[in-house]
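Subject: Handover of a structure for your review

Dear colleague,

Please find below the sequence and structure that I am passing on to you. My notes follow directly after them.

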Amino acid sequence: MGANAQTSVPTFTAGEILTAANMNISARTGIPVFATTVTRDAAFGGTGEKTLAEGQFAYLEDSNTTQYYDGSTWQTVGINPGLVCVKAETAFSAVTSVTADNVFTSTYTNYLVKIIFNTTTTNEVLMKFRAGGVATSTNYNRQRLVFNLSSVTTDQVTSQTNINLGATNGAFEQSYELNIYNVQVATATNVFGLNQNNFANYTTGNAGVIISANQSASTAFDGIEWTVATGTFTGKYAIYGYSKTV
């Protein structure tokens, strides 16, 4: 804890002698400062402590945020961001699969995934959703449009064991942006994805892929995984939740 951090917010009774230490608790900080939400919550309502009520402010050291109590919950002061990072950028290297569990919750309905990688060989990247640490291998459907310098092609597959995001080509990096809808709701999960793809090089091999897909079972998922059909891949990803409030 920092020099200003408190572990209680005292209240005083009639006739009580106020010491210099008592006065300095509030005089030095103005808004009470706590190390975490745990110490904040423990500081109110106990013997000799202030009752938590609407209008109370607090500062949290671990998140560097100022909060206020609205009568039922703590709210963060400032503009609510439209995107909230729920899985910090995570690197992976020379692996056959990448999993992220417990990243989708009811806090958000829709999510954004950013992933960039390269593979050891010409390859295909496959995606599945997970629930309770287990990947689901049924009910995937996908429509794909691929466009490059010389052609535009489309394909459609149904009742698959995964969502095939498309082919890659060795050392040339690929960048995916995936919007995922209703993933933590017991209904079909929809996916709309954009891919900047370098099939053979960074000049004439530059291409794009648009993917519309779903997992059609009425399942609430909390995780996701990516695998490569052969070899390994290296890259990094991050996951964001779309805010439901303003």
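Two strands are said to pair if DSSP finds at least two bridges between them. Strands (E, at least two residues) and helices (H or I, at least four residues) are DSSP runs, numbered from the N terminus. With those terms in place, strand E3 and strand E4 are antiparallel and joined by 3 bridges.

The model is predicted, so that local features need pLDDT of at least 70 and side-chain atom pairs count only at pLDDT 80 or more, while totals for chains, interfaces and linings use all residues. Residues are numbered from 1 along each chain as its sequence is written, and side-chain values use heavy atoms, with hydrogens and water left out.

Overall form

The chain contains 17 strands and 2 helices. Its radius of gyration (taken over C-alpha atoms) is 25 Å, well over the 18 Å that the globule rule (2.2 Å times the number of residues to the power 0.38) gives for 246 residues, so the chain is more spread out than a compact globule. Along the principal axes, the C-alpha atoms fill a box of roughly 85 × 40 × 30 Å.

Of the 246 residues, 33% are buried; here buried means under 20% relative accessible area, exposed means over 50%, and partly exposed lies in between (1.4 Å probe, protein chains only). The chain exposes about 12700 Å², of which carbon and sulfur atoms supply 53%; accessible areas come from the Shrake-Rupley method with a 1.4 Å probe, and for residues only the protein chains shown count as cover. Taking contact to mean heavy atoms within 4.5 Å, residues 24 or more positions apart account for 69% of the contacts with a separation of 6 or more.

The sheet of 8 strands

An open sheet of 8 strands runs in the order E5-E17-E7-E13-E14-E15-E10-E11, with antiparallel pairing. Strand E5 (83–95) and strand E11 (152–160) stand at its edges with a single partner strand each, so one side of each is left without a neighbour in the sheet. Direction ignored, neighbouring strands are turned by 15 degrees against each other on average; the axes are lines fitted to C-alpha atoms, for helices over the stretch in contact, and angles run from 0 to 180 degrees between N-to-C directions.

E15 is antiparallel to E10 over 8 bridges, where Phe147 has Gly208 as its partner. Strand E10 (residues 140–147) then pairs with E11 in the antiparallel sense over 7 bridges, and Val146 has Thr153 as its partner.

Most residues other than glycine have a negative phi. Ala94, in strand E5, has a positive phi of about 50 degrees. Ser159, in strand E11, has a positive phi near 50 degrees and is exposed, with a relative accessible area of 61%.

The sheet of 4 strands

A second open sheet has the order E1-E2-E3-E4, with mixed pairing. Its edge strands, E1 (33–34) and E4 (74–76), each pair on one side only. Tyr69 is found in strand E3 (residues 65–69) and counts as buried at 14% relative accessibility. Not counting residues up to four places away in sequence, Tyr69 touches Leu52, Ala53, Glu54, Gly55, Gln56 and Trp74.

Nonpolar cores

A nonpolar core is a set of buried Ala, Val, Leu, Ile, Met, Phe, Trp, Tyr and Cys residues joined through side-chain atoms within 4.5 Å. The largest has 32 residues, of which Met127, Phe129, Leu165, Ile224, Trp226 and Ile239 touch the most other members. Strand E7 (residues 110–119) gives the most to this core, with 4 residues. Apart from it lies another core of 8 residues, among them Val9, Phe34, Phe44 and Ala58.

Kind regards
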